[in-house]
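Take a look at the chain below.

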Amino acid sequence: MPKFIPGLKLCRLFYENEVRQILSKEFPTLRYSAAVIGWGSEVLGFDTPISRDHHWGPRVLLFLNNQDYSRLKDKISEALSDNLPHEFLGYSTHYSEPEPNGVRHAIKIKRGPVNHMVQIFTLKSFFEARLGFDPSKKIKATDWLTFPQQRLLELVTGEVYHDGLGQLREIRQTLKFYPNDVWLYLLAAQWTRISQEEAFVGRTGDAGDELGSRVVAARIVHEIMKLAFLMEKQYAPYSKWLGTAFSRLKIATKLTPVLHGVLLAKTWKPRARKLGQAYSIVATQHNALKITEPLPTKASKYYDRPYLVIHGDTFASSIREAIKDPNVRRIPPNVGSIDQVIDSHTVLNQLSLVRRLG
């Protein structure tokens, strides 16, 4: 294998040195946008040498207006097949046909047309496929709740190499993060998720169920991590990249060693004490956001029971009071977005189903 090059850099060089040159020569008046967004570890900047085993290599997404898409899509694809080199910086530009899940593998060839991975879309067809939504229409509050965060993250990261249509960067800016009141609604729902189980770490341990206590603690660690993304106004990726992306948050410096302590604790009492430290960190961060009046940052007993909790429901109710948009206030409280309700990758990847659930 050639020396590893981060995928986004490889694709940018591929576009600038090969794809753009062919388009300029064969279609000199063509208006288009070019990017690598939408899927792949390289889009998130998380690719490593092992990523090269499938659906990785020199590739670009091209976006055309509706008229040019209907008239020129096949001609552009054919021109690229005939003119692209068989390799670029040591990596094959020729790929297998898509498998049922869409995955393709690089195949080295020395002659003949290239079965390239320069994929061509209209903006509408692409964003409908990735979000189940027409980007030319106004996004309602309830729409935001049906967009999986992984999909949103994939659309606002990656790189736009050229925006001749003048729309792609604007759409990405619109999707950059949730509107303020939707954000508040999701924060409240996330604190609610913590509140629903925070007493169970102690209760299960007190009942002699250390395995159950560990499981609940791990679930709460996951919810705290997701809360941290929301507080820093960052989309959270799905489980494969959650820890990697979390490590890049500002709060991770303080929170990571404490969360490790929660997961490594052998019995429920030190586990609960570590969770209390984690609660204090995120509660302090909540107060720094200044979206509510300052709330207690120290864990305390769960009513009359000796289990340390942060009383996440108090945070949730205070945040809900800060929501001003009547459309958001009408949404049932404490439910949250599709990611906060469902964690099945199978379901989250079925956009038509997700939109109906929303």
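## Buried or exposed

A residue counts as buried under 20% relative accessible area, as exposed over 50%, and as partly exposed in between. Y303 has a relative accessible area of 61%, so Y303 is exposed. Find Y303 in the loop between β7 (300-302) and β8 (305-309). Y303 and L275 are 28 residues apart in sequence. In space, their C-alpha atoms are 17 Å apart.

## The whole chain

This is a predicted model. The chain holds 18 helices and 8 strands. Its C-alpha atoms fill a box of roughly 75 × 45 × 35 Å along the principal axes. Of its 358 residues, 51% are buried.

How far apart in sequence are the residues that touch? Take the contacts between residues at least 6 apart in sequence: 70% of them join residues at least 24 apart.

## Helix α1

Helix α1 covers residues 7-26. With 20 residues at 1.5 Å each, α1 should span 28 Å. Its end C-alpha atoms are 26 Å apart, so the span agrees. Where does α1 bend? The bend is at Y15, by about 45°. Y15 is also one of the buried residues of α1. Others buried there include L8, C11, F14, V19 and I22.

## Helix α13

Helix α13 runs over residues 268-289. Its 22 residues should span 32 Å at 1.5 Å a residue, and the end C-alpha atoms are 31 Å apart, which agrees. Among its buried residues are W268, A272, L275, Y279, V282 and H286. An α-helix has 3.6 residues a turn, so residues three or four places apart point the same way.

What do the buried residues of α13 pack against? Their partners are the helices α8 (180-197), α9 (200-206), α10, α12 (252-264) and α14 (312-321), plus strand β8. After α13 comes K290, with a positive phi near 55°.

## Two helices that cross

Two packed helices are described by the angle between their axes and the distance between the axes. Take α4 (residues 123-131) and α6 (residues 149-156). Their axes come within 10 Å and cross at roughly 145°. From α4, the residues in contact are F126, F127, A129, R130 and L131. From α6, they are R151, L152, E154 and L155. This contact has 6 nonpolar residues, 3 charged ones and no polar ones.

## The nonpolar cores

The largest nonpolar core has 79 residues. Which of them touch the most other members? They are F63, L175, Y178 and I224. Helix α10 (residues 210-231) gives the most to this core, with 11 residues. A second, separate core has 30 residues, including L72, F88, Y91 and V118.

Back to Y178. Leaving aside neighbours within four places in sequence, Y178 is in contact with W144, Q149, L152, W183, L186, L230 and Y235. L152 also takes part in the contact of α6 with α4.

## Two positive phi angles

Most residues other than glycine have a negative phi. H55 is not a glycine, yet its phi is positive, about 50°. H55 is in the loop between α2 (41-44) and β2 (60-64). Its relative accessible area is 14%, so H55 is buried.

L89 is not a glycine either, and has a positive phi of about 50°. L89 sits in the loop between β3 (87-88) and β4 (91-92). Is L89 buried or partly exposed? Its relative accessible area is 43%, so L89 is partly exposed.

Definitions and conventions:
Residues numbered from 1 in each chain as written. Predicted model: local features only at pLDDT ≥ 70, side-chain atom pairs only at ≥ 80, totals over all residues. Heavy atoms only, no water. Axes fitted to C-alpha atoms, helices over the stretch in contact; angles between N-to-C directions. Helix = DSSP H or I, 4+ residues; strand = E, 2+ residues; numbered from the N terminus. Contact = heavy atoms within 4.5 Å. Nonpolar A, V, L, I, M, F, W, Y, C, P; charged D, E, K, R; others polar. Expected span 1.5 Å × (residues − 1). Bend = angle between axes of the 7 residues up to and from the residue. Buried < 20%, exposed > 50% of the residue type's maximum accessible area, 1.4 Å probe, protein only. Core = buried A, V, L, I, M, F, W, Y, C linked by side-chain atoms within 4.5 Å.
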